Amino acid sequence: MAFFVLSGFFISSSIVRSARLKKWSWTEYLLNRTTRLYVVLVPTLALTWIWDNLGIAFYGDHPVYTGLIQGWKHDYFNVEERFFGNCLLGNLTFLQTIYVPPYGSNEPLWSLAYEFWYYGLFPCLYLPVFFYKSWIARLMCLGVAVAIAALVGHQILLYFPIWLLGAAVGFLPTVAFLQGRAKVPATVLAVLLAMALASVAHVSAVKNALGGSTIIMDYLTGIGFAILVYVLMHHQTPAKQGAYTRFAKGTADFSFTLYLTHIPLLVLLRAAWIQGRPWAPSNGTISMAVVISLIAIIYAVVVYWIAERKTLMVKSWIFARLRGWSLIAERGEPKSVGCDS
């Protein structure tokens with residue numbers, strides 16, 4: 001949910017900025033968004049196919065691949081049932097959770113469908129009100145919004161307000177006292193509040209009081225994180241260059257790749273190293289968990305250098321081809337690979 005809020009904040013801000021500067025272009029926007037996603041998604045699907053095929057070939061009877069009921073609680077499922085061709089095509093067209101499940105063992109792919117369709121919904125709702133003057137353009141946008149809503153269904157629409165929380169933060173004015181002495185204590189309080197709302201939503205007593213509603217728990221997490229993002233907006237002082245800044249930027253650079261690629265590899269390691277009941281916490285298992293985490297991070301960094309790091313180069317190549325065909329305006333090179341690009 002934190003990712004939804006961040007995405008809503010950055011993507012909506014870039015849309016609003018382009019509209020206010022009269023530089024909005026559907027072609028550039030869609031190219032930016034789809035390139036950003038596909039440069040990581042395509043190798044992710046290929047790697048998912050490789051890891052899952054290896055896992056099924058060597059450990060096909062393991063419950064992490066079969067999904068069979070065990071003597072302990074788990075959320076495994078039959079991985080082979082998510083290998084059919086239509087499932088791959090559905091994930092490539094962001095229809096997972098709508099018509100097909102996420103591909104193979106890569107359950108985190110569910111969120112990409114949500115994100116992709118939110119990228120289409122928001123400008124179709126914002127531009128008719130704040131940018132377009134033509135009623136034809138307005139009606140076309142609203143028609144596309146209705147079509148997207150009909151396609152994605154109620155589940156994805158139910159989570160759209162959480163994405164919009166991030167967009168709302170970008171519209172809120174700054175408050176003077178949050179830029180002064182109250183900045184640091186307000187940030188600490190916002191962090192504690194976000195952590196508290198995210199944690200309390202998963203306490204058994206709270207879940208029972210909420211009737212086990214997952215969406216209410218997710219909304220609480222989204223609200224807490226949106227408040228934190230709003231408070232952090234008031235930190236306008238540039239970060240000092242140093243070890244922490246380099247570390248933060250470096251880890252942020254490959255975070256998207258890490259999110260999309262890590263599960264199939266971890267599923268294979270789970271099958272290879274843990275045959276039965278999950279580990280109980282101990283010095284040995286905690287040490288192994290650290291080793292596995294490092295393996296996943298190193299793996300993600302390698303994939304990032306091969307694929308995601310080339311996003312700007314791919315964008316530039318596509319933009320150059322389209323400018324050569326006069327399908328896009330000449331406005332300089334595309335932006336860097338940040339969340340708002």
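The structure holds zero disulfides, a disulfide being a pair of cysteine sulfur atoms within 2.5 Å. C124 takes part in no such bond, and its nearest cysteine sulfur, that of C141, is 4.9 Å away. C124 counts as buried at 3% relative accessibility, and C87 counts as buried at 0%; here buried means under 20% relative accessible area, exposed means over 50%, and partly exposed lies in between, with a 1.4 Å probe and protein chains only.

This is a predicted model, in which local features need pLDDT of at least 70 and side-chain atom pairs count only at pLDDT 80 or more, while totals for chains, interfaces and linings use all residues. Residues are numbered from 1 along each chain as its sequence is written, and side-chain values use heavy atoms, with hydrogens and water left out.

**Salt bridges**

Side chains of opposite charge can pair when their charged atoms come close. A search of the whole structure finds three salt bridges, each defined as a side-chain nitrogen of Lys or Arg within 4 Å of a carboxyl oxygen of Asp or Glu.

| Salt bridge | Closest N and O atoms |
|---|---|
| E308 and R36 | 2.8 Å |
| R82 and E107 | 2.5 Å |
| D253 and K249 | 3.2 Å |

The salt bridge of E308 with R36 links distant parts of the chain, since E308 is in the loop between α12 and α13 (311-324) and R36 is in helix α2 (residues 26-59), 272 residues apart. Helices in this numbering are DSSP runs (H or I, at least four residues), counted from the N terminus. Both E308 and R36 are buried.

In the salt bridge that R82 forms with E107, R82 lies in the loop between α3 (63-66) and α4 (85-92) and E107 in the loop between α4 and α5 (110-130), so the pair ties together parts that are 25 residues apart in sequence. R82 is buried, with a relative accessible area of 14%, whereas E107 is partly exposed at 32%.

D253 and K249, by contrast, are four residues apart in helix α10 (residues 243-253), and therefore they are separated by about one helical turn. D253 is partly exposed at 28% relative accessible area, and K249 is exposed at 55%.

**A buried glutamine**

Q96 is found in the loop between α4 and α5 and counts as buried at 0% relative accessibility. A polar atom of the Q96 side chain lies 2.8 Å from the backbone oxygen of L109. Leaving aside neighbours within four places in sequence, Q96 is in contact (heavy atoms within 4.5 Å) with several residues, among them G90, N91, P101, L109 and W110.

Y259 lies in helix α11 (residues 255-273) and is partly exposed, with a relative accessible area of 30%. Not counting residues up to four places away in sequence, Y259 touches P108, W110 and S111. Y259 and A300 are 41 residues apart in sequence and 8.5 Å apart in space, C-alpha to C-alpha.

V290 has its place in helix α12 (residues 283-306) and is partly exposed at 47% relative accessible area. Together with I286, L294, I297, I298, V302 and I306, V290 makes a nonpolar surface patch of about 640 Å². Patches are made of residues with over 30% relative accessible area and no salt bridge, like charges being joined within 9 Å and nonpolar side chains (Val, Leu, Ile, Met, Phe, Trp, Tyr) within 5 Å.

Definitions and conventions:
Accessible areas come from the Shrake-Rupley method with a 1.4 Å probe; for residues, only the protein chains shown count as cover. Helices (H or I, at least four residues) and strands (E, at least two) are DSSP runs, numbered from the N terminus. A polar contact is a pair of N or O atoms within 3.5 Å; within protein, one must be able to donate a hydrogen and the other to accept it, and residues adjacent in sequence count only if both atoms are side-chain atoms.
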